[in-house]
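Thanks for coming. I will walk through one structure today, starting with a covalent link and then moving to the sheets and the cores.

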Amino acid sequence: MFAAPAEKPATACPAAPVLPSELADWARNTSSKTIYAYGDDLGADWSPLGAARTALPLHKFESLRYGIAPERKPDVHKFGGMIPIEVKKPGRLIVALDAGAWIDLVREGVVVKSVTHGHGPACSGIRKMVEFDVPQGRYQLQIVNAPTASIHAMAVLRD
């Protein structure tokens, strides 16, 4: 008989994981709404996504009308939405999500290319992080193909 391979012990996560300073507000919860139909009236009426872990309701594909066509083809069985991001000074913008989803950062009708992407720190609850080098201005974050009807997100400018 052969012995079964030993299983690796599961890594225990601390109750309050230590996050890097730029992600520290991931521990602070808030909520907002997302836009499902892009229009000309997206000015100051919509609260921008900021530096706190923000619960966002998402919408089924058939009710969405993105500002520009997403770079990833939307899946009719998944969810999405849009939310503004206000950048007050030039820098490295970090967008963090607690679930896998495609994101496009849009400014003046053009997708901003990401400079890096990856996962959040172990045990943080951050599933995906995408970083962009951005000038000051107002942006639209398009969330595409999220697996569920809600997602937690955060946008923070790295010092």
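A disulfide here means a pair of cysteine sulfur atoms within 2.5 Å. Before I use that, some ground rules: this is a predicted model, in which local features need pLDDT of at least 70, side-chain atom pairs count only at pLDDT 80 or more, and totals for chains, interfaces and linings use all residues. Residues are numbered from 1 along each chain as its sequence is written, and side-chain values use heavy atoms, with hydrogens and water left out.

Searching the whole structure turns up one disulfide. Cysteine 13 and cysteine 123 are the two ends, with an S to S distance of 2.1 Å. The link between cysteine 13 and cysteine 123 is left-handed, at -70° about the S-S bond. What does the pair tie together? Cysteine 13 sits in the segment before strand S1 (29–31), and cysteine 123 in the loop between strand S8 (116–118) and strand S9 (128–134), so the bond connects parts 110 residues apart in sequence. Strands, for this talk, are DSSP runs of E with at least two residues, numbered from the N terminus. Cysteine 13 is partly exposed, with a relative accessible area of 47%, and cysteine 123 is also partly exposed, at 30%. Buried means under 20% relative accessible area, exposed means over 50%, and partly exposed is in between, using a 1.4 Å probe and protein chains only.

Now the sheets. Two strands pair if DSSP finds at least two bridges between them. Six strands make an open sheet of mixed pairing, in the order S1-S2-S11-S5-S9-S8. S1 and S8 are at the edges with a single partner strand each, so one side of each has no neighbour in the sheet. From one strand to the next the twist averages 25°, where axes are lines fitted to C-alpha atoms and angles run from 0 to 180 degrees between N-to-C directions. Inside this sheet, S5 and S9 are antiparallel over seven bridges, and valine 95 faces valine 130 in S9.

Threonine 54 belongs to strand S2 (residues 53–57). Is threonine 54 buried or exposed? Threonine 54 is buried, with a relative accessible area of 5%. Setting aside neighbours within four places in sequence, threonine 54 is in contact (heavy atoms within 4.5 Å) with residues including Thr30, Leu49 and Ile151.

The other sheet I want to show is open and antiparallel, with five strands in the order S3-S4-S10-S6-S7. Its edge strands are strand S3 (59–60) and strand S7 (110–112), each pairing on one side only. S4 and S10 are antiparallel over eight bridges, with methionine 82 opposite glutamine 142 in S10. S6 and S10 also run antiparallel, joined by five bridges, and isoleucine 103 has isoleucine 143 in S10 as its bridge partner. Nine of the ten residues of S10 are buried.

Last, the cores. A nonpolar core is a set of buried Ala, Val, Leu, Ile, Met, Phe, Trp, Tyr and Cys residues joined through side-chain atoms within 4.5 Å. The largest has 25 residues, and Ile85, Leu105, Leu141, Ile143 and Ile151 touch the most other members. Among the elements that give it two or more residues are strand S4 (79–87), strand S6 (102–107) and strand S10 (137–146). A second, separate core has nine residues, among them Leu23, Trp26, Ile126 and Met154.

Methods. Helices (H or I, at least four residues) and strands (E, at least two) are DSSP runs, numbered from the N terminus.
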